[in-house]
Amino acid sequence: MAKGPRYYGRDDLELPQIDKRLVYIGIAAILGIWLIFSSVYTVNADEVGVVQRFGRYTVTTQPGLHFKIPFGVESVKKVKVQRNLKAEFGFRTRAAGVRTQYASGNYASESLMLTGDLNSAIVEWIVQYRIKNPVQFLFRVRNVENTLRNVSEAVMRLKVGDHSVDEVIIINRQEIAIDVKDNIQQLLDEYETGIDVVTVNLQDVNPPKPVQPAFNSVNEAKQERERIINEALQAYNKAIPQAEGQAEQTIRQAEGYAINRVNRAKGDAEKFLAVLQEYNRAKNVTRRRLYIETMSAILPKINEIYIVDEGQQGLVPLLQLQKSGKEGQR
Amino acid sequence: MKVAQIGTAVIIFLVLLVASGAFYTLDETEQAIILQFGEPVGQPVKDAGLHFKVPFIQDVTTFEKRIIEWDGDANQISTEDKRYIWVNTFARWRIHDPLKFYQTVNNENNAQSRLDDIIDGVTRDIITKNKLIEVVRDSSRTMMAIGEDEEITIPITNINPIQQGRTAIRKMILARASETVPQYGIELIDVQIKHIDYIEEVRMKVYDRMIAERTRIAEKYRSEGQGERAKIDGDREKRLQEIVSEAYRKAQQIIGQADAEATKIYADSFGRDPEFYSFIQTLESYRQTMNANSTMILKTDSDYLKYLKKTANR
């Protein structure tokens, strides 16, 4: 019974009889699925599709579902035209987020540049760009990102090289950034990169590190100057009003003395004039009265009074009465 | 089933055709030359799409059609005024004539090193003939510096105007280099100067200069501050003296006037009867000066004591 093929072992097994039609249907099904997968594609909302037939560009398709000729005849490259891309120069952001972390590597070769006054400055900047012409972007220039970076560096250095270090650090920052953006755009358009430069932003612009302390010392010296002047002004404003107060006081005191003196004089004068008036009415009597009053007031105070007769010559024979009287009383 | 058989035959024929290499496609980024038995034939093919060639005997060699990058190494070059700088250029080029390209340099690597020689050479030639300032600057615009007053900007006057500028120089480099590259089937699109940098020792000197200049300005601020302070202190002293002496003067004046007025009052009043004044004043002074320590000697014919002797009315 050698009808079927020979088997080792099992004599009762047979090849399953496969209907030829099933094979054809199977192949057709596989081809059909392959056909569907390779002829349908979607373009996302932030993309466009660039279609090539046998390598030749035919059309750009917008977001949505599209058909293309399958089996390698047509191919689609999807280009994200809405996305804003960022190129950093002189520094790198390692992780974006609420607080961006900057890479600590030394990007000095990107950021150190010569200025027009033959000084140096450290310039960090970013370029934001997007793809505006996907056909040019894909087919005109081989390494677009590399081109963008090289052009950005060349243009920034060109502009910085035409400004002084002060202009770059402070005075003309805005103008320089705008100038650089325009120039980069112009060159990228010349090369047909299909890139649109959205913005160029200068980040940190500083004098080179070894020079920074000297630059800082200028600020410090300026502040020092202000401080010294303020202190002197404060001392002035403290001393002068105080002195003026003193001066006032001195004058007031003098005025006080003046009033006192004049009033006293007036008082004395009035007193005298009053007495004089009375005196003029009765001169002798008044004189006598005044004299006697005075003597009455004085004599009791005096301890030793000697009464001498008018004929007495010399004072040697003295009356010891009062003295002995005093001694006796003791 | 004749249709099926013919269809299958057509498909098999097409497959054979494709497999034998009668078709080839060129991407938009590619251009090609046809080699027959290793030798180029015909014109270079620059259009993208589907093309025919003779199978088996003809081969296709493709080249880049897009703009290609060239990035030079940094070279140390001395300018006309003997300043040593690092210069770094980059260029963009294209294979313009793939046939010539294939015949001369054959591939991109060779082309790159050929461009190295050409562009670096031209760059060096041109830069050594120019002063440093010509290579750094691009225009003769007057540059400003921050004035020592910080609010005002003052123009920088010690930099001479330039004759060429960086853009002109790089255009010269491009023009000169473009003369030699067509023989390789290359078209130079652009040459740009990417970096100019001082060599290390010159950089140090430049830093020293910048430091010295800023230090000078800082010193100036400091001495200004001290000068201003001395002036204010001087003013203060002067003003103090003024105030004190003025007050003294006024006070003395007031006192003097008061004394004068008092004297006048006394003179006016006492002067009416000088004798009576002297009488009264002397009596008053007796009261003040005679006290317990005094010793008085009186004669009996004094006005006070005369009544001791008699009471006659005299």
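pLDDT is the predictor's confidence in each residue, on a scale from 0 to 100. What you're looking at is a predicted model, and chain B averages a pLDDT of 87, with 95% of the residues scoring at least 70. For the model as a whole, the scores are ipTM 0.73 and pTM 0.71.

Within chain B, helix α3 (residues 108-128) has the highest confidence, at a mean of 93. Helix α8 (residues 306-309) of chain B sits at the other end, with the lowest mean, 70.

## Where the two chains meet

Interface size is often quoted as the accessible area lost when the parts come together. Here, chain B and chain A bury about 10100 Å² between them, and 65% of that is on carbon and sulfur atoms. On the residue level, 109 residues of chain B are in contact with 104 residues of chain A.

There's charge pairing across the interface too: eleven salt bridges are counted between chain B and chain A.

## A nonpolar patch on chain A

Now for the surface. V23(A), I27(A), L31(A), W34(A), L35(A) and F71(A) together make a nonpolar patch of about 560 Å².

To find F71(A), go to the loop between β4 (64-67) and β5 (74-80) of chain A. So is F71(A) buried, exposed or partly exposed? F71(A) counts as partly exposed, because its relative accessibility is 43%, and partly exposed covers the range between under 20% (buried) and over 50% (exposed).

Note on methods
Residues numbered from 1 in each chain as written. Chains lettered and ligands numbered in written order. Predicted model: local features only at pLDDT ≥ 70, side-chain atom pairs only at ≥ 80, totals over all residues. Heavy atoms only, no water. Helix = DSSP H or I, 4+ residues; strand = E, 2+ residues; numbered from the N terminus. Patch = residues over 30% accessible without salt bridge, like charges linked within 9 Å, V, L, I, M, F, W, Y side chains within 5 Å. Areas by Shrake-Rupley, 256 points an atom, 1.4 Å probe, with all protein chains shown as cover. Salt bridge = Lys/Arg side-chain N within 4 Å of Asp/Glu carboxyl O. Buried < 20%, exposed > 50% of the residue type's maximum accessible area, 1.4 Å probe, protein only. Contact = heavy atoms within 4.5 Å. Buried area = accessible area lost by both parts, 1.4 Å probe.
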